[in-house]
Amino acid sequence: LHPPQRIPMSTINKVPASAGAEWLLAGFALLKRAPVPLATLSVLWGLLSMGVMLVAVTLPAMTLAMQFLLVLAGPLFFAGMLWAVREVDEGRPATPSNLLQPVRDGHAPALLATLLPQLLAALVMGALLFVMVGTEQLQRLADVYQQMQAVAAAGGQPDPSLVEGLPAGRLLLWLLLVAVVFVAVKWMTFIASPQILFSNTHVVHAMRNSLRACAHNWTAMLVFYLLAGIAIFAVGMGSLLVASLLALVLGPALAMGLWQFVLMAVVMPVLAGAAYAAWRQMLGGSPAAGASAAPTRIEV
């Protein structure tokens, strides 16, 4: 019997903290190079999501199934956006067919597997909550929350004595653990999809490489999340202001719908472009065999 072959570890590049800003700028630059095609892909996803939710509203018995379908479709859609931004980066047009390219290439099972850490984390943290706090205290916490809501709805001030005796310390510790696990899960999937799509990396190794790369470059990740939050807030507030003006002409319902589509048309391509740029910087971004070599830099 031959000994099992060891899979070589991917080389993790150390990048400066400013790289987090570069990733975000790269996302905006890619959107600027093909605003209409990339925005169209996001709008198509929004229309599909709206259609699924309309089915859920029309058939309440299908609500859970439709929500589950949207969760499953999320990684596939984002992978399609990644494919589209790479097409734009390499000088080719982005088309609606890019959204289905990961499925055509057989990457759907691996992309769906990136949801497993989130599911596992939810189950573990839910079980840990029962262990740390206990069923009785959780029931009491739910009762206190309902009482405080009732008092607030009546216009009164909640009685501070309601929260006396609650396991605040254990709840805060649990929330801290949730925050740590949430960050770890996000880091596991941050650049896993580009590895799966463009380097044919196994999903387990892709998530491990993603976690290692993000942990090794935690300062860049911190800068990226901070600036991305500011950028999304600014885009959201700016488009909301325009939607408020349109509401005077089109009505509030239509204006809010347009606002959501505009926000999605900007945010989704930018985040996909940022993840693509982060993959190239932290892991070298070597394309799969047979693919054309990616350029060495992204113009910003």
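How are H6 and H7 oriented to each other, roughly parallel or roughly perpendicular? The legends below take this up, beginning with the whole chain.

**Figure 1. Overview of the predicted chain.** This is a predicted model, in which local features need pLDDT of at least 70, side-chain atom pairs count only at pLDDT 80 or more, and totals for chains, interfaces and linings use all residues. Residues are numbered from 1 along each chain as its sequence is written, and side-chain values use heavy atoms, with hydrogens and water left out. The protein chain has twelve helices and zero strands. Helices (H or I, at least four residues) and strands (E, at least two) are DSSP runs, numbered from the N terminus. Of the 300 residues, 38% count as buried. Buried means under 20% relative accessible area, exposed over 50%, and partly exposed in between (1.4 Å probe, protein chains only). Among contacts between residues at least 6 apart in sequence, 75% join residues at least 24 apart. Contact means heavy atoms within 4.5 Å.

**Figure 2. The crossing of H6 and H7.** The axes of H6 and helix H7 (residues 135-153) come within 6 Å and cross at roughly 100°. H6 and H7 are therefore roughly perpendicular to each other. Axes are lines fitted to C-alpha atoms, for helices over the stretch in contact, and angles run from 0 to 180 degrees between N-to-C directions. Angles under 35 degrees count as roughly parallel, over 145 as roughly antiparallel, 65 to 115 as roughly perpendicular and the rest as oblique. Leu129, Phe130 and Val133 of H6 meet Thr135, Gln137 and Leu138 of H7. By class, this contact has four nonpolar, two polar and no charged residues. Ala, Val, Leu, Ile, Met, Phe, Trp, Tyr, Cys and Pro count as nonpolar, Asp, Glu, Lys and Arg as charged, and the others, Gly among them, as polar.

**Figure 3. The crossing of H1 and H11.** Here the axes of helix H1 (residues 19-33) and H11 come within 6 Å and cross at roughly 45°. That makes H1 oblique to H11. From H1, Ala19, Gly20, Ala21, Trp23, Leu24 and Phe28 meet Ala220, Met221, Val223, Phe224, Leu227, Ala228 and Ala231 of H11. The contact of H1 with H11 has twelve nonpolar, one polar and no charged residues.

**Figure 4. The nonpolar cores.** A nonpolar core is a set of buried Ala, Val, Leu, Ile, Met, Phe, Trp, Tyr and Cys residues joined through side-chain atoms within 4.5 Å. The largest has 53 residues, of which Trp23, Leu38, Phe190, Ile191 and Met282 touch the most other members. H12 gives the most to this core, with eleven residues. A second, separate core of seven residues includes Met125, Val133, Leu138 and Trp174. Beyond its neighbours within four places in sequence, Met282 has contacts that include Trp23, Phe190, Ile191, Ala213 and Cys214.

**Figure 5. Helix H10 and its packing.** H10 (residues 203-216) has 14 residues and reaches 20 Å from its first C-alpha to its last. Its buried residues are Val203, His205, Ala206, Met207, Asn209, Ser210, Ala213 and Cys214. They pack against H5, H6, H8, H9, H11 and H12.

Figure 6. His107 is found in the loop between helix H4 (101-104) and H5. His107 is buried, with a relative accessible area of 11%. Leaving aside neighbours within four places in sequence, His107 is in contact with Pro102, Ile196, Leu197 and Asn200. Asn200 lies in the loop between H9 and H10. Asn200 counts as exposed, at 53% relative accessibility. Phi of Asn200 is near 55°, a positive value in a residue other than glycine.

Conventions: The expected span of a helix is 1.5 Å times one less than its number of residues.
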